[in-house]
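Subject: Handover of a structural model

Dear colleague,

Please find below the structure that I am handing over to you, together with its sequence.

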Amino acid sequence: MPEEHHKPLAGRRLLVVSTNYAPELTGIGPYAAQLAEHWAGAGADTHVLTGMPHYPSWRTEPAYRGVWRADEQRSGVTVHRRRHYVPPRQSALRRAAFEASVLAHGLAAPPAVRPDAVIAQLPSLAGGVIGARLARRHGVPYLPVVQDLMGAAAQSGIPGGGRAAALASRAERYALGAAALVGVIHESFVPRVAAYGVAPDRIRVVPNWSHVQAPSADRAATRARLGWPEGTPVVLHSGNMGLKQGLEVLVDAARLAPGIRFVLMGDGNQRDALRARASGLSNLDFLPPACPDEFTDVLAAADVLAVTQRASVLDMSVPSKLTSYFVSGRPVVASVADEGGTAQEVQRSGAGLLVAPEDPAAVLAAVRKLAEEPAAADELGSHGPRYVARHLSREAGLARFDALLAEVLRDAEGTHRR
């Protein structure tokens with residue numbers, strides 16, 4: 001029997017709608033890319049409708065500037081890119097313009113294919129609406145996966161977020177209400193999704209996996225290369241520098257503790273504002289995003305990894321950086337609301353300490369505790385890789401998505417037979 005008959009997706013055509021996609025290295029893009037590439041490798045004719053690479057810098061990558069539309073092949077996947085507005089700074093109005101441009105171009109020029117199913121990553125809102133519309137147009141099942149909830153925009157601190165939240169909630173209600181099933185990356189999202197009218201028995205929890213490799217370089221050599229002297233504690237935050245991260249807490253903690261080095265590695269629309277706030281601080285560094293080959297080596301070279309969120313962020317987001325943090329084997333200090341999904345994930349891993357959000361003194365106390373007890377800090381950090389091995393492996397994560405897609409396709413076929 002030919003090999004493709006052993007592949008349940010052989011002969012299927014899938015359309016993934018995700019505003020973020022490779023070559024973006026952080027956020028939702030890597031998950032969308034690895035999922036699409038996995039399905040392509042399983043025999044599916046996989047297409048992706050996406051935008052131009054722009055995250056987390058919120059600047060279109062140079063190779064794509066001026067490009068209106070592009071079709072390209074990446075690792076067996078046909079990628080259809082559509083130009084959209086990229087706001088250099090975040091406000092409710094600019095975010096609305098971003099979503100509107102994604103929506104307009106995606107609906108005006110969708111891929112010329114008829115899929116067997118449409119899978120969308122939320123956010124963006126536009127991607128969710130596009131996915132629902134295209135699935136309805138082709139009469140095929142629609143599967144949205146909730147990575148963040150824009151209907152909770154008031155939690156993020158974006159100016160005008162309250163008004164934006166009301167509009168976003170309507171769009172999310174439409175996108176999720178049209179779904180055959182809804183995937184969510186954390187159980188803390190379930191109540192809000194159910195409040196949109198989605199029956200709980202149609203919601204499936206499909207956690208993100210760790211999409212990076214374990215660190216391999218000598219830790220002391222990496223610290224020396226980065227200019228981090230032994231004996232000086234290093235607190236590292238990696239990832240997006242946006243409003244909801246509330247990274248001011250780390251800048252203010254650095255001001256209180258000149259003997260501790262703080263490092264903000266990444267990019268985002270708040271980077272310049274954070275630089276201005278950090279003016280005069282010799283113990284705070286800004287680094288560009290590390291390349292994939294050395295990313296986890298840099299994480300592992302730090303003494304403490306920080307995840308921060310504004311106090312108002314509860315059920316809209318669970319940062320994807322946590323899966324990478326856990327792989328590194330370093331302890332995490334989480335300055336987040338203790339009733340949110342991020343706190344739940346840190347507690348579940350056993351790899352970190354929780355402190356009050358937006359409280360520099362609390363962050364500093366946790367960092368000093370770990371610095372004074374290095375053996376205990378190493379033991380705490382060691383729980384991260386074990387948690388990844390048990391729950392967050394790529395194989396386990398992709399298998400959960402395979403099962404979810406198979407359920408959607410099976411239910412659709414059963415409906416057609418009836």
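I begin with a loop residue. Tryptophan 58 is located in the loop that runs between β2 and β3. Its phi is near 55°, a positive value in a residue other than glycine. Please bear in mind throughout that this is a predicted model.

Alanine 22 and proline 23 are joined by a cis peptide bond, with omega at about 15°. Proline 23 belongs to the loop between β1 and α1. A cis peptide bond also joins proline 123 to serine 124, and omega is about 15° there. Serine 124 sits in the loop between β5 and α3. As background to these entries, most residues other than glycine have a negative phi, and most peptide bonds are trans.

Overall dimensions

The chain contains 14 helices and 14 strands. Its radius of gyration is 21 Å, close to the 22 Å that the globule rule gives for 418 residues, so the chain is as compact as a globular protein of that length. Taken along the principal axes, the C-alpha atoms fill a box of roughly 70 × 50 × 40 Å.

The sheet of 8 strands

An open sheet is formed by 8 strands in the order β3-β4-β2-β1-β5-β6-β7-β8, and its pairing is mixed. At the edges are β3 (69-74) and β8 (203-205), each of which pairs on one side only. On average, neighbouring strands of this sheet are turned by 20° against each other, direction ignored.

Within this sheet, strand β5 (residues 117-122) pairs with strand β6 (residues 142-146) in the parallel sense, over 5 bridges. Isoleucine 119 stands opposite leucine 143 in β6.

Helix α1 (residues 29-41) lies across β1 (13-17), β2 (45-50), β3, β4 (77-82) and β5, and runs at about 160° to β2. Helix α3 (residues 125-138) lies across β1, β2, β5 and β6, and runs at about 170° to β5.

Helix α3 also has a helical partner. Helix α2 (residues 92-108) packs with α3 at an angle of about 20°, their axes being 8 Å apart. Angles under 35 degrees count as roughly parallel, and α2 is therefore roughly parallel to α3. The crossing of α2 past α3 is right-handed. On the α2 side, the contact is made by Glu99, Val102, Leu103, Gly106 and Leu107; on the α3 side, it is made by Leu125, Ala126, Val129, Ile130, Arg133 and Arg137. The residues of this contact of α2 with α3 divide into 7 nonpolar, 1 polar and 3 charged.

The sheet of 6 strands

A further open sheet has 6 strands in the order β11-β10-β9-β12-β13-β14, and here the pairing is parallel. Its edge strands are β11 (284-287) and β14 (352-355), each pairing on one side only. From one strand to the next, the twist averages 25°.

Strand β9 (residues 234-240) and strand β12 (residues 304-308) pair in the parallel sense over 2 bridges. Leucine 236 stands opposite leucine 305 in β12. Helix α7 packs on this sheet and touches β9, β10 (261-267), β11, β12 and β13 (332-335). The direction of α7 makes about 155° with that of β10.

Helix α7 (residues 248-256) also packs with helix α12 (residues 360-372), at an angle of about 65° and with their axes 8 Å apart. Angles of 65 to 115 degrees count as roughly perpendicular, and α7 is therefore roughly perpendicular to α12. In passing α12, α7 makes a right-handed crossing. The contact is made by Val249, Leu250, Asp252, Ala253 and Leu256 of α7, together with Pro360, Ala361, Val363, Leu364 and Arg368 of α12. By class, this contact of α7 with α12 has 8 nonpolar, no polar and 2 charged residues.

Yours sincerely,
A colleague

How values were computed
Residues numbered from 1 in each chain as written. Predicted model: local features only at pLDDT ≥ 70, side-chain atom pairs only at ≥ 80, totals over all residues. Heavy atoms only, no water. Axes fitted to C-alpha atoms, helices over the stretch in contact; angles between N-to-C directions. Helix = DSSP H or I, 4+ residues; strand = E, 2+ residues; numbered from the N terminus. Parallel < 35°, antiparallel > 145°, perpendicular 65-115°, else oblique. Left-handed = near helix turned anticlockwise from the far one by under 90°. Contact = heavy atoms within 4.5 Å. Nonpolar A, V, L, I, M, F, W, Y, C, P; charged D, E, K, R; others polar. Pairing = 2+ DSSP bridges. Rg over C-alpha atoms; globule rule 2.2 N^0.38 Å.
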